[in-house]
Amino acid sequence: MTISRSELRKNIMVILYQIDIYKERNVDFEVDQVIKENIEVDNEFVKDIVYGVLTYKDTLDKEADAYMNEWTIDRLDKSGQAILRMALYELKYTDTPEVVVINEAIELAKKYSDDSVRKIINAVLDKVIRN
């Protein structure tokens, strides 16, 4: 069974969201188990992005904050945070074309965040690729 990258990114967003909630509530978890609960097949793309975002979270958050006017990433809703971190990670640490990363992030934000969060994500990613 082949799963599209768009579908995989949706799964990654859910996994990152779930991990964030677990951390916030001090729930013990194993990253691999959270991944397995959310995706039936073993997928390196998912693992690479999830572990990459978790590894570089502080760096990604600082970068996001630097491009937000009078805002910080922690003020976004949890799905918006997951989408932005995932997109920033893909832009900085993978070979995924910039236009694909931005388009995928905006499509996820349209479905899972409100319009103001979508606009912030779009603005941050636009500033990142211009710099």
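Asp42 pairs up with Lys47 in a salt bridge, with 2.7 Å between the closest N and O atoms; the term means a side-chain nitrogen of Lys or Arg within 4 Å of a carboxyl oxygen of Asp or Glu. Asp42 is exposed at 60% relative accessibility, while Lys47 is partly exposed at 24%. Here buried means under 20% relative accessible area, exposed over 50%, and partly exposed in between, using a 1.4 Å probe and protein chains only.

## Ground rules

This is a predicted model, where local features need pLDDT of at least 70, side-chain atom pairs count only at pLDDT 80 or more, and totals for chains, interfaces and linings use all residues. Residues are numbered from 1 along each chain as its sequence is written, and side-chain values use heavy atoms, leaving out hydrogens and water.

The salt bridge count comes to 13. One of them links Glu90 and Arg9, whose closest N and O atoms are 2.8 Å apart. Glu90 sits in helix H5 (residues 78–93) and Arg9 in helix H1 (residues 5–24), so this pair ties together parts 81 residues apart in sequence. Helices are DSSP runs (H or I, at least four residues), numbered from the N terminus. Both Glu90 and Arg9 are buried.

## Within helix H7

Arg118 and Asp115 also meet in a salt bridge, 2.8 Å from N to O. They are 3 residues apart in helix H7 (residues 115–130), so about one helical turn separates them. Arg118 is buried at 17% relative accessibility, whereas Asp115 is partly exposed at 42%.

As for shared partners, salt bridges join Arg9, Glu90 and Glu104 into one network.

Technical notes. Helices (H or I, at least four residues) and strands (E, at least two) are DSSP runs, numbered from the N terminus.
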